[in-house]
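Reader: Could you walk me through this one? I would like to start with the surface and then go to individual elements.

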Amino acid sequence: MELSRLLVSDTLLFSPPIRYSPSPALSTFFAVKNRRCRRRSSFCSASNPDTLTAGGGAVVVGAGEKHEEDLKSWMHKHGLPPCKVVLKDKPCPNDSHKPIHYVAASQDLQVGDVAFSVPNSLVVTLERVLGNETVAELLTTNKLSELACLALYLMYEKKQGKKSFWYPYIRELDRQRGRGQLSVESPLLWSKSELDYLSGSPIKDEVIQREEAIRKEYKELDTVWFMAGSLFQQYPYDIPTEAFSFEIFKQAFAAIQSCVVHLQKVSLARRFALVPLGPPLLSYQSNCKAMLTAVDGAVELAVDRPYKAGDPIVVWCGPQPNSKLLINYGFVDENNSNDRLIVEAALNTEDPQYQDKRMVAQRNGKLSVQVFHVYAGKEREAVLDMLRYMRLGYVSDPSEMQSVISSQGPVCPVSPCMERAALDQLADYFKARLAGYPTILAEDESMLTDGGNLNPKKRVATQYVRLEKKMLHACLQATIDFINQLPDHTISPCPAPYAPLLK
C-alpha cells in the first residue's frame, strides 16, 4: 500500500504498537589508607573463608608474582572440581600493563557441556559479606546498590593483603585493572579529556550522572558499616568514608561493576555475585545465550556452542544496548541487536488542549512525555511510531480534537500540511543531533580503518559514536523517504504553535 494512502485524509493517528526487535592503575582499585590498621593491628586478623570479614594491609603484586599460587590453582585447592577451561594471556596495547587473562577451553567442547562449576564457598555475595539476608535486603532496598556493598567489602578485605582468603582473587582483579575485553576501563575512570572522545553523544552526560550517583552511594557507606555486624566487629573505628576516599571507592565500584554476575532464581541477597573464572575473565557477547547459572551449591557455566581447545569462552551480557556495555564493561558490540537510541517526545504543556491530548495519548498506550527506543535495523518502524505521536501534538483545531477524542479507534483525519510539518520537525531533529558531533560518520570510518595508532579508549569511543551516528542517519533517511512519498510536495507545512518537544 502506498504511504500516501496511509498518511493523508484517513491517516492512522495511533495504531497498535509495532514490535521490533591516563588512568589510575587498578593496583589502587582496592587501595586503602592503612594508618588506622597499623595503629590497631589487633583488628587486622585473617579472614575465615566461610565468614567473610575485613582486614588490613595492601596487596602488593611484584616480581615475585610468578612464584605465587595462580587463581585457578587456588580455586582447585579450595574446592573447585575438575573443569574444562584454562587461563590464558591476552597482550595489552599498553606495554606498561600486565597482559589480560581470559578463560579458554582446555579441550574441545560441545553444546551443553559444563565448562566449570564454582562452589558457593568461592562465590562472593551480599549474603556472605553481610552475614544476614535480612540486613542485605534492607541495605540494598533503602540505601545502597549491591555493587556498592560488594565494593566496600573488597576494599576492607584487601587491607589484609596475603592474609585474606580472597587474596588470589583480589590480585586477579588488580591485574585486570577493570579492563574489558578491549583492554579499556569504564568511562567512569576516564579523564575529562578522554571523555571528550564521546562529545555529541548522550552517553557523556550518562557517565557524569552515573558518577554523581556513585558519589551519593559513597556518602551512605557508613550505613553499611553500622548495620553490617561482620564489618563493624572487625573495624569498630574504621568509618568507611574516613578509611577510603571517593576516588578509591569509585575505582573499586567500576572494577566490581565490570565483573559482577546477575544470578537468576535466587534470593535478593544472592542475586549479584562475584564469581572467580567469571567476568572479566569471560568475554561478553550479545548473541551468546550461555549464562552463569546458580545450581545446587554452585555457579556453573554450560556452553551454548562448540569450542576448540584454546578458544576463548563467551557468555551472554543480557539485553543491553552499547551504551550500557561501554559504561559497565568498557566495550561495544558491533553486532548488538539490542543496541538502541533514545528519543524523548513530549506534548506541549502550554497547549490549551494539553489535557485532552494527554488523555488520548494514554488511551493509546503513550505518555505525555514519551520515550521512544530506536533499535538498530528497526529505525523505519521507530520513526513511524514517533510520527503517530507527533500527529496528536499537531492537532490544533478544537473540532478536530473532539473528533480524535470521540474516535472509537486509532483513525482520525490528518491534513497533508500537518503531516509535512510533523515530518519536517523529525528530520530537523535528527539533523541537529548529527550536527552535534565533532566528526562526521565518514571521518569515524576512516579513523577506524586507518587508525592503527588509535589508543584503546579513543578506538572504542569512536566505535561507539559511529554506531550511534549510523542509527541517526537511518532515522533521517526513513523520515526523508516518508516525505518523498507524500502526494503533494508543493504544500507548505502547517504552522504549529504547540508542536511536540523533542530531545
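Author: Accessible areas here come from the Shrake-Rupley method with a 1.4 Å probe, and for residues only the protein chains shown count as cover. On that basis the accessible surface of the chain comes to about 22,000 Å², of which 52% belongs to carbon and sulfur atoms. This is a predicted model, in which local features need pLDDT of at least 70, side-chain atom pairs count only at pLDDT 80 or more, and totals for chains, interfaces and linings use all residues. Residues are numbered from 1 along each chain as its sequence is written, and side-chain values use heavy atoms, with hydrogens and water left out.

Reader: What share of the 503 residues counts as buried?

Author: The share is 53%, where buried means under 20% relative accessible area with a 1.4 Å probe and protein chains only.

Reader: OK, and how many helices and strands are there?

Author: The chain has 20 helices and 13 strands, taken as DSSP runs (H or I, at least four residues, for helices; E, at least two, for strands) and numbered from the N terminus.

Reader: Which residues of strand 2 are buried on each side?

Author: Ile100, Tyr102 and Ala104 are buried on one side, and His101, Val103 and Ala105 on the other. In a regular strand, side chains alternate between the two faces of the sheet.

Reader: How does strand 1 run relative to strand 2, parallel or antiparallel?

Author: Strand 1 (residues 85-90) and strand 2 run antiparallel, joined by 6 bridges; pairing requires that DSSP finds at least two bridges between the strands. Lysine 90, for instance, has isoleucine 100 in strand 2 as its bridge partner.

Reader: Switching to helix 13, why call it largely enclosed?

Author: Helix 13 is described that way because 11 of its 12 residues are buried, including Phe246, Phe249 and Phe253.

Terms used
Buried means under 20% relative accessible area, exposed over 50%, partly exposed in between (1.4 Å probe, protein chains only).
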